[in-house]
Amino acid sequence: MRPDEDKEQLLREDRRLLGRLLGDVIAQQVGDETRERIETIRQTAVRFRRAESDKSELEAQLDALPIEETLHVVRAFSYFSHLLNIAEDAHQNRRRHAYAQADSPGRPGSLTYALEHVQEKGILDWFGRARLSPVLTAHPTEVQRQSILECEREIARLIALP
């Protein structure tokens, strides 16, 4: 196994865990038949994305769904996407922690990296003359209910446990 593959192992495990748990919840809430239908559509979508099948198979599965089942599929994919974002954030936090523990140099895109390279780029003098002030904004799409945020934080906390 390559070192970069090993770094992604925990993320793959989190994805599988959260996918299994979501499948369990779907089965509990709307039944095994719906869970199986969603899983079949998911597998077909994966094959399509990997160019192992054409879009007609996926279109046929989706076109055959009654509206109620379509809503279940859309919700399941939406929930799964949300869960993957949580897993990726948790993984990114793990990676940052590992870099910090190893006293690694700052990663491109990080504040540490930027500060390490400010002087060599001649920007340090500019900072002495610049007027910086924070601006806080909220985008309407980023507003979420506190209860949802608490659930997401708890999911992230649970997958971050050793």
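I started at E57, which is partly exposed at 31% relative accessibility (partly exposed lies between buried, under 20%, and exposed, over 50%, with a 1.4 Å probe and protein chains only).

This is a predicted model, where local features need pLDDT of at least 70, side-chain atom pairs count only at pLDDT 80 or more, and totals for chains, interfaces and linings use all residues. Numbering runs from 1 along each chain as its sequence is written, and side-chain values use heavy atoms, with hydrogens and water left out.

Next I looked for the partner of E57: its side chain meets R47 in a salt bridge, 2.9 Å from N to O (Lys or Arg side-chain nitrogen within 4 Å of an Asp or Glu carboxyl oxygen). R47 sits in helix α2 and E57 in helix α3 (residues 55-63), so the pair ties together parts ten residues apart in sequence. Helices here are DSSP runs of H or I, at least four residues, numbered from the N terminus. R47 is partly exposed too, at 28%.

I then checked R42, which forms a salt bridge with E39 at 2.7 Å between the closest N and O atoms. They are three residues apart in α2 (residues 32-49), so about one helical turn separates them.

I also found a salt-bridge network linking D24, D32, R35 and E36. Within that group, R35 and E36 meet at 3.9 Å, N to O. My count for the model is ten salt bridges.

Last, I looked at α4 (residues 67-101): its 35 residues reach 51 Å from first C-alpha to last, close to the 51 Å expected at 1.5 Å a residue (1.5 Å times one less than the number of residues). Its buried residues include E69, H72 and H91. Just after α4, I noted D103 with a positive phi of about 50°.

How values were computed
Helices (H or I, at least four residues) and strands (E, at least two) are DSSP runs, numbered from the N terminus.
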